[in-house]
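Dear colleague,

Please find the structure below, together with its sequence. My notes on what was found in it follow directly after.

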Amino acid sequence: EKGVKQRVTALNRFLHDIYHEQRILRDGVVPRKLVVANRYFRPEMAGVDVPGGAYITTVGIDLVRDESGRFRVLEDNLRTPSGFSYLFKTRSIMKELFPDLFHRCDVRDVERSMNEFLSTLRSLAPNPKGDPTIALLTPGQYNSAYYEHVFLAQQMGIHLVEGRDLVYRDHKIYMRGIGGLKQVDVVYRRVDDDYLDPLAFLPESVLGVAGIMNAYRAGNVAIVNAPGTGVADDKAIYAYVPDMIRYYLGEEPLIPNVPTYLLSREEDRRYALENLSSMVVKETSLSGGYGMLIGPCAAPDELREFAERIRREPGRYIAQPTIRLSRAPVLVDGRLAPRHIDLRAFALLGANGRIHVIPGGLTRVALREGSLVVNSSQGGGCKDTWVLR
């Protein structure tokens, strides 16, 4: 919990810095090119003071345990991290199936974190109100995470809206309803930056709200998470998070990174290419298990193809040694079998730097035998996760 809070604090300060003074770039701690040339860096956010100072209100930190049993951070999810609904739903299913077990084991409650989630969103309302209007902006029913959008909106009692339900007027965002227009104070968006505002980003987008960035810059609506946060969860920037912690907080990282090779560096690239069959290679801007090479599982043709991609565009990739993730038993066809797992720990960052780490998390399971890919988009499963009092 302390390690997650430390990391979230440093990442949030990094985002404020790169969109304001850029001290960390001037001091050479993080290479300027990695930030300003990043596809997720948004010049539109330069100088914008975000509500409550919170760029990354919802955070998912993916943790693994290596061969020595030590926890390490695998990656940071800061744009529109998903999985909250699975955390709460797996807990409710387990409590229904094994109610006595929870009383005997004294497991910390996660249901209260839903109230923390709502309180965190309320804390970011730009204009103090007793009951701010909060809307969850979804791309719609055909999105793969739509179940989660519906679940969270229902559980928190907030409005579930699509872009067509919102309208921009006089530097404010309003929601259409039977009684007319109602001003929205906080938009918890599950729409990527590119599709958020056709006036600021992709003009052909029909998923977002035309003018929402103008209302945001005017200080009349909070957007969660803030636009432009993706630069901080880029897999090349990830390698510099321990340096951010030392730079902003003057502390040593409590949870170390997985050793990472930046393939834009000649020495790192040479080493990775010589040892490709034992490395995991990731495309820096992708997530969900896409654009990856797992060397030990790759065929010779795949290794050669990836080596050629790396030589052609080395800056697009990082490499890491293959970590044999820890395992847990799962039921497969009525029998227990071991499968590899990781843990997505969720944190909520509210106004004035207050951080709540949900006392559980989402244990993701690689359901295919021997697989190290745990992402749900790649056929992974999930487990309830207990933190004991």
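In this predicted model, Ala-135 stands opposite His-159, a residue of strand E4. The two strands concerned, E3 (residues 134-137) and E4, pair in the parallel sense, and 3 bridges join them. As background, the strands of a sheet are held in pairs by backbone hydrogen bonds, in either a parallel or an antiparallel manner.

E3 and E4 belong to an open sheet of 4 strands, whose order is E4-E3-E8-E9 and whose pairing is parallel. Which strands form the edges of this sheet? They are E4 (159-161) and E9 (222-224), each of which pairs on one side only. From one strand to the next, the twist averages 25 degrees.

Helix H7 packs on this sheet, where it touches E3, E4 and strand E8 (186-189). The direction of H7 makes about 150 degrees with that of E4.

H7 (residues 146-156) also packs against helix H6 (residues 112-123), at an angle of about 85 degrees and with the axes 10 Å apart. On the H6 side, the contact is made by Met-114, Phe-117, Leu-118 and Leu-121; on the H7 side, it is made by Phe-151, Leu-152, Gln-155 and Met-156. Sorted by class, this contact has 7 nonpolar residues, 1 polar residue and no charged residues.

A second pair of helices may be read in the same way. Helix H1 (residues 2-18) and helix H10 (residues 241-249) cross at roughly 80 degrees, and their axes come within 9 Å. H1 is therefore roughly perpendicular to H10. Among the residues that meet here are Arg-7, Leu-11 and Phe-14 in H1 and Met-244, Ile-245 and Tyr-248 in H10. The contact of H1 with H10 divides into 9 nonpolar, 2 polar and 3 charged residues.

Finally, I turn to a pocket. The second largest pocket has a volume of about 590 Å³ and is lined by 24 residues. Which of these lie nearest its centre? They are Ala-328, Thr-363, Lys-383, Asp-384 and Thr-385. The elements that give two or more residues to this lining include strand E1 (58-65), helix H4 (84-97) and strand E15 (335-349). By class, the lining of the second largest pocket has 16 nonpolar, 4 polar and 4 charged residues.

Yours sincerely

Key: Residues numbered from 1 in each chain as written. Predicted model: local features only at pLDDT ≥ 70, side-chain atom pairs only at ≥ 80, totals over all residues. Heavy atoms only, no water. Axes fitted to C-alpha atoms, helices over the stretch in contact; angles between N-to-C directions. Contact = heavy atoms within 4.5 Å. Nonpolar A, V, L, I, M, F, W, Y, C, P; charged D, E, K, R; others polar. Pairing = 2+ DSSP bridges. 1 Å grid on protein atoms, 1.4 Å probe; cavity = no way out; pocket = protein on both sides within 12 Å on 5 of 7 lines; lining within 4 Å. Points joined across faces, edges and corners; volume = space filled by probe spheres on them. Parallel < 35°, antiparallel > 145°, perpendicular 65-115°, else oblique.
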